[in-house]
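Here are a few notes from me to go with the model.

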Amino acid sequence: VDEFQADAAGAFTFKEWASETLGKKIILRNWFTKVVVILCFIGLFIPMTIIGFTETKTGLPLSEVALTGSYQASYVEIQEVYFTGYKSYLVSESVVYDDL
């Protein structure tokens with residue numbers, strides 16, 4: 001048997017592992033763990049949503065949104081050097097472009 005050929009019966013798949021380990025042993029059998037998982041999700045989702053809505057500022061420059069070291073950040077740096085007359089912003093409200 002070639003080492004690069006995976007045996008169909010012995011191949012590891014995440015789907016199989018998740019259904020065997022998580023599905024049958026932990027989550028699907030015990031209602032308490034279902035409730036805990038849902039409460040943890042809600043406990044993380046609601047505060048992150050509130051933080052996202054409250055921390056977004058109108059007119060936020062793209063240089064503050066782009067991750068440091070990403071291609072977006074390098075694009076914004078080049079844009080600020082060579083195209084200073086063209087500002088880019090994160091739009092968080094309705095804008096009528098006829099008035100600009």
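**Notes on the model**

1. Let's start with Phe41, which counts as exposed because its relative accessibility is 54%. The cut-offs here are under 20% relative accessible area for buried, over 50% for exposed, and partly exposed in between, with a 1.4 Å probe and protein chains only. You'll find Phe41 in helix H2, residues 31-55.

2. A word on what you're looking at: this is a predicted model, where local features need pLDDT of at least 70, side-chain atom pairs count only at pLDDT 80 or more, and totals for chains, interfaces and linings use all residues. Residues are numbered from 1 along each chain as its sequence is written, and side-chain values use heavy atoms, with hydrogens and water left out.

3. Now the overall layout. The protein chain has four helices and two strands, in the order α-α-β-α-α-β along the sequence. Both are DSSP runs numbered from the N terminus: helices are H or I with at least four residues, strands are E with at least two.

4. How much of the protein chain is buried? Of its 100 residues, 9% are. The chain exposes about 9400 Å², and 65% of that comes from carbon and sulfur atoms; accessible areas are from the Shrake-Rupley method with a 1.4 Å probe.

5. Two aromatic pairs turn up in the whole structure. Trp31 and Phe32 make an edge-to-face pair, with 6.4 Å centre to centre and 90 degrees between the planes. Phe41 and Phe45 are stacked, because their ring centres are 5.5 Å apart and their planes at 15 degrees. To pair, ring centres (the six-membered ring for Trp) must lie within 6.5 Å; planes under 30 degrees apart are stacked, over 60 edge-to-face, the rest tilted.

6. Why are Phe41 and Phe45 about one helical turn apart? They sit four residues apart in helix H2. Phe45 is partly exposed because its relative accessibility is 47%.

7. Finally, is Ser70 buried or exposed? Ser70 is buried, since its relative accessible area is 16%. It sits in the loop between helix H3 (62-65) and helix H4 (71-82). A polar atom of the Ser70 side chain lies 2.7 Å from the backbone oxygen of Leu67.

How values were computed: A polar contact is a pair of N or O atoms within 3.5 Å; within protein, one must be able to donate a hydrogen and the other to accept it, and residues adjacent in sequence count only if both atoms are side-chain atoms.
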